[in-house]
Amino acid sequence: MFQIQNYINGKLVDPAGNTCIDNYNPSIGAVYSRTPDSDERDIEAAVEAATRAFPYWSTKPAQERARYLLRISDLIEGNLDRLAQAESVDNGKPVSLARSVDIPRAAGNFRFFATAIQHFASEAHAMEDTAINYTLRPPIGVVGCISPWNLPLYLFTWKIAPALAAGNCVVGKPSEITPMTAYLLSELCIEAGLPDGVLNIVHGLGQKTGSAISTHPGIPVISFTGGTRTGATIAATAAPLFKKLSLELGGKNPNIVFADCRYEEMLQTSLLSSFSNQGEICLCGSRIFIERSLYETFRNDFVEQTKQLTVGDPLSETSRLGAVVSKPHMDKILSYIELAREEGGTILCGGRQVQVEGRCRDGWFVAPTVIEGLSHTCRTNQEEIFGPVVTLIPFDTEEEVVAYANSTPYGLAASLWTENLTRAHRMAGRLQSGIIWINCWMLRDLRTPFGGMKQSGVGREGGLEALRFFTEPKNVCIKM
Ligand code: NDP
């Protein structure tokens, strides 16, 4: 069985404890590889390697660091099919999605930050003829990057690329549920000639390997993407150590549809924002609010088109939804559907596990599910399900829908469909979300701030926000 290895100090190595964790292919419900069960000894070795590499890497001119990152980007693109296949097998997502979104975006992350760092400038503040201040922004040191299983390579590289571009060295931990493409990335970094210790990838469990990163005194910065509860644990650990933290956490995003929207475009995009990646994207719109005059038309069309989405073998080009990531995650999604029934909801379609024929007969598949008849305050509409499950709720006024949308503890992303420009601007100001999409969804410009309000996170990633996060501002004041 294939054995994944850690990438420490430029070498592929087994974990110190020589123990491993089973890695599942969710579409067949069986173990297909083994992942290192790393512990604090492996993190210690990674921190030592990164600390040794830091003086060399951080003083290289930005153009030279960028050259390595561009080489890695090219290698990811050159291995597109292999990486897309690996991501699909590891995570359960349709291979077509991995090929068109996840892997190109991973390459794009390296390319974007390789060039961004060469345009990164800092401020100067002149005090007339008294003094001049200028701000230095040196890299900080060894940074910890911890990422989730839903967009494995895409989100891992979204952290690693700006950290390295800014001149830091990295100790990264991908989710142990989807470690494969991070492992393949380490092979590509070796091929790209990335200097030893600059990037270290240590695989293992969150509670053991992840927590060894958040408690390590030699890692002063942590960039984390994952669940809100894990974010709270990391924040509690890191606060007394005064670590710099970026937390990208869960969401329960509203998708708000006004009757004056461009209907067909809204309908097709809403299918994507509901069910892409089996609904396992933090940005998916899981609560759809529809203006009452359009409600019945929307419900009938949306349910009819949802029923036509093919759930099947992720390696088949015709599957629109693949497997969900694990058996415990499938059970969690199904338990929320049960809860929706108990709370008085009507299941309009889906609402069950799907039995796929052939090689995927033991896989973990859930039918895309549409539910109506629930209050915006019930648990189904307040808690993150993170699966192919959406609820429909009618509304009458703008006031009312803003209150519904803002009623959860989360505040990551919101979509709004209307042709009324004044209303769009007004609502963009009132919705409590870090990201607002008007007449679109997942339209991403990597220069823009990315992140959430309330319990969806602290800090922002993307563009200058990321480069500022991974550097330490230092003001120098010179008296004239
Ligand atoms: P988790 O919070 O369970 O895990 C995220 C990462 O943290 C994993 O690598 C995990 O390892 C690790 N981890 C777990 N416990 C600890 C710990 N005590 N200390 C350090 N690291 C730890 O999230 P999921 O992987 O389940 O991802 C789904 C969640 O991520 C959803 O809530 C989703 O909304 C959110 N998300 C947010 C995004 C955003 O940009 N805001 C984007 C994508 C997802 P292990 O896998 O071994 O548990």
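Helices (H or I, at least four residues) and strands (E, at least two) are DSSP runs, numbered from the N terminus. This is a predicted model, in which local features need pLDDT of at least 70, side-chain atom pairs count only at pLDDT 80 or more, and totals for chains, interfaces and linings use all residues. Residues are numbered from 1 along each chain as its sequence is written, and side-chain values use heavy atoms, with hydrogens and water left out.

Helix 5 spans 20 Å from its first C-alpha to its last, close to the 20 Å expected at 1.5 Å a residue (1.5 Å times one less than the number of residues). Just after helix 5, Gly-167 has a positive phi of about 105°.

Helix 4 (residues 95-116) packs against helix 5 (residues 152-165) at an angle of about 5°, with the axes 8 Å apart. Axes are lines fitted to C-alpha atoms, for helices over the stretch in contact, and angles run from 0 to 180 degrees between N-to-C directions. Helix 4 is therefore roughly parallel to helix 5 (angles under 35 degrees; over 145 is roughly antiparallel, 65 to 115 roughly perpendicular and the rest oblique). Residues in contact (heavy atoms within 4.5 Å) include Phe-110 of helix 4 and Trp-158 of helix 5.

As for the cysteines, the whole structure holds zero disulfides (pairs of cysteine sulfur atoms within 2.5 Å). The sulfur of Cys-378 is 18 Å from the closest cysteine sulfur, in Cys-349, too far for a bond.
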